[in-house]
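The following note concerns the model shown below.

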Amino acid sequence: MSKKLKWILAIAIGLLLALFAYAAAGPYLAVNGIRNLVASNRYDELWRFVDFDRLRGDLRPQVQERIARGIIGRVSPGQADKAVGELTAMVAKPAVDAMVSPQGISTLLTGSALARQMAGKVEPDGKARAADPLKDAQTRFESPSLFTATVSNAEGKPVVFEFHRDGLSWKLAGLRLPE
């Protein structure tokens with residue numbers, strides 16, 4: 001093999017390794033990007049790391065199912081299932097839309113400043129300390145195009161943030177609520 005061909009092959013392998021490293025680091029870059037945008041109150045730029053439409057679609061059935069379980073547990077078995085389904089859809093849509101918005105995502109990830117102040121989590125200057133629930137998340141690749149970050153909620157139950165790959169970029173596109 002000629003020296004020129006060896007150099008071309010080495011460069012091609014190097015580029016492939018760099019591309020693979022970038023793809024593997026992608027979800028971590030997305031998590032860090034979300035963290036930085038929320039910390040700097042630039043919620044209008046979250047679209048770069050969050051697929052809001054897909055996240056709404058993923059979250060809506062989970063919220064509807066929980067609402068339906070709550071309603072069915074409180075009504076008699078003879079009442080119409082269709083009415084329960086329509087009611088859950090009507091109640092869940094605005095709730096999911098509020099949760100899956102730039103402000104809702106930031107509140108989910110950092111909590112409210114009022115809650116932090118009431119809990120006594122403030123800096124020496126009196127400002128509420130920013131929470132970072134993804135800081136100690138258990139992360140893993142579930143497939144080449146699905147990365148998860150699992151954190152515990154206040155009750156200790158797991159909440160799973162799903163990042164999906166779209167080409168070389170990764171976005172938060174799913175959320176598994178605890179039971």
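1. A salt bridge is a side-chain nitrogen of Lys or Arg within 4 Å of a carboxyl oxygen of Asp or Glu. By this criterion, Glu 162 and Arg 176 are paired through their side chains at 2.4 Å, N to O. Glu 162 belongs to strand β3 and Arg 176 to strand β4, so the pair ties together parts 14 residues apart in sequence. Strands (E, at least two residues) and helices (H or I, at least four) are DSSP runs, numbered from the N terminus.

2. The model is predicted: local features need pLDDT of at least 70, side-chain atom pairs count only at pLDDT 80 or more, and totals for chains, interfaces and linings use all residues. Residues are numbered from 1 along each chain as its sequence is written, and side-chain values use heavy atoms, with hydrogens and water left out.

3. Arg 176 also forms a salt bridge with Glu 142 (3.1 Å, N to O). This pair links distant parts of the chain, with Glu 142 in strand β1 (residues 138-143) and Arg 176 in strand β4, 34 residues apart. Arg 140, Glu 142, Glu 162 and Arg 176 are linked in a network of salt bridges.

4. Glu 162 is buried at 10% relative accessibility, whereas Arg 176 is partly exposed at 30%. Buried means under 20% relative accessible area, exposed over 50%, and partly exposed in between (1.4 Å probe, protein chains only).

5. Leu 46 touches Ile 34, Leu 37, Val 38, Phe 52, Pro 102 and Ile 105, not counting residues up to four places away in sequence; contact means heavy atoms within 4.5 Å.

6. Leu 17 lies in helix α1 and counts as exposed, at 55% relative accessibility.
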